Amino acid sequence: KRSVTFVTRDDSDMAEKAARWGDLHEFGDMAWLPQLRKVIYREDDRVAIKTVGDGLNDHLGFRSNPTAPLISGRVTMELLEKNINAIARCKAANATVSLFETVAYGFTNNGSMFTGYPVVGFQHQIQASGACLGSQEDALLTSCAWDPRIRGTFFYTNGYSIALSRVPAFIADMQQLRDRSPLSFCGIDASVGMLLRYVKASSAYLGKPEDSIDFDISYYRSYSKGEPNPHYDVLDELQQMALHKYSAIPHWGKNRNFAFEGTMAKHPKADKFLEVKQRYDPDGIFSSEWSDQVLGINGSPAIFEKHCAIEGMCICSDDSHCAPEEGYYCLPGKVYTDARVCSFQPAF
């Protein structure tokens, strides 16, 4: 059994706490709300099997909800994202955070009601939330937010792991970037924060060579290919900073093309993995053009074409990789100046 309590504090000492929070709680993690300058700390520990409690993790975002509000919510999000004055967008994000906090993020003490922390329950009921898997078909009166049959939520997810020894400096840089452009971070708040999870070093050939923190970030994505967003420059700078300044290892599934350039060089045992791969699959039956590019066997995952940086297919090196016709040009980052991002430049 496990005992879970969520505690929200300000982010002034986040860099210091991140380095040791994983040692304080066996299943602990953190969620950073950059624009709100808050951190949601998860105090999550193993308890005796006889401890009273039948708690359930039924996360608000991972359960079936009425379809109409999901669709209208996405329409509202599109209007807010395209509004360069982001104050209304940030207010909407703050309302989302308040809602999730009020309902304890979907945790209940007895499977139906939340009566207070801690929430105590069996491991399989606490570790993951999958109510959508068992939701009933009802002619789409309700649906999961990501159901392709409705025009609901749609977003990018970036995930990357940074060695624990480098995390405090990375967080300090993130906070500096936030202080320069606080309204640009509201999209992270709207997803109830950037999730920080602890990952142990592994002897696996493609495992993490050091104890690390995995940073998981979700934010708005347009349904229209090549649609620029006034805040992507800051979010792309954040990712390039992680990958290049702090040698982050990208998540294999939660990323766009440019993140995988040179990934295999970050794995000390990559050559051993490729040897085993060749031995078990000499004809490449389980390979593809994509996997060969990502694994550095043949070609590059980066694609250079018009608007490629808007879609995360490349890091821009030319204005055409952005959207100059709409005022987005390839420029250096604000804090990590080695970054190259598509920034909006208003016409005067």
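Modeller: Ala, Val, Leu, Ile, Met, Phe, Trp, Tyr, Cys and Pro count as nonpolar, Asp, Glu, Lys and Arg as charged, and the others, Gly among them, as polar. This model is predicted: local features need pLDDT of at least 70 and side-chain atom pairs 80 or more, while totals for chains, interfaces and linings use all residues. Residues are numbered from 1 along each chain as its sequence is written, and side-chain values use heavy atoms, without hydrogens and water.

Biologist: How do the residues lining the second largest pocket divide by class?

Modeller: A pocket is an open set of 1 Å grid points, over the protein atoms alone, where a 1.4 Å probe fits, with protein on both sides within 12 Å along at least five of seven lines; lining residues have an atom within 4 Å of a point. Here the lining is Ala19, Gly22, Asp23, Leu164, Tyr198, Val199, Lys200, Asp211 and Ser212. By class, these are four nonpolar, two polar and three charged.

Biologist: Which element gives the most to that pocket's lining?

Modeller: Helices (H or I, at least four residues) and strands (E, at least two) are DSSP runs, numbered from the N terminus. Helix H1 (14–24) and strand S10 (194–199) each supply at least two lining residues. With three residues, the top contributor is H1.

Biologist: What is the volume of the largest cavity?

Modeller: In a cavity, the probe fits but cannot get out. Three cavities reach 30 Å³ or more. A volume is the space filled by probe spheres set on grid points, which are joined across faces, edges and corners. For the largest cavity it is about 50 Å³.

Biologist: Which element gives the most residues to its lining?

Modeller: Among the residues lining the largest cavity are Asp236, Gln240, Arg340, Val341 and Cys342. By class, the lining has seven nonpolar, one polar and two charged residues. With three residues, the main contributor is S14.

Biologist: How far apart are the end C-alpha atoms of helix H5?

Modeller: H5 covers residues 167–180, 14 residues in total. The expected span is 1.5 Å times one less than the number of residues. That gives 20 Å, and the model agrees, because the end atoms are separated by 20 Å.

Biologist: What kind of ring pair do phenylalanine 62 and tryptophan 146 form?

Modeller: Rings of Phe, Tyr and Trp (its six-membered ring) pair if their centres lie within 6.5 Å; planes under 30 degrees apart are stacked, over 60 edge-to-face, the rest tilted. The count is 18 aromatic pairs. In this one, the centres are 6.2 Å apart and the planes stand at 65 degrees, so the pair is edge-to-face.

Biologist: How far apart are the C-alpha atoms of alanine 92 and alanine 190?

Modeller: Alanine 92 lies in helix H3 (residues 87–102). Its relative accessibility is 32%, so it counts as partly exposed. Along the chain, alanine 92 and alanine 190 are 98 residues apart, yet their C-alpha atoms are separated by 7.5 Å.

Key:
Buried < 20%, exposed > 50% of the residue type's maximum accessible area, 1.4 Å probe, protein only.
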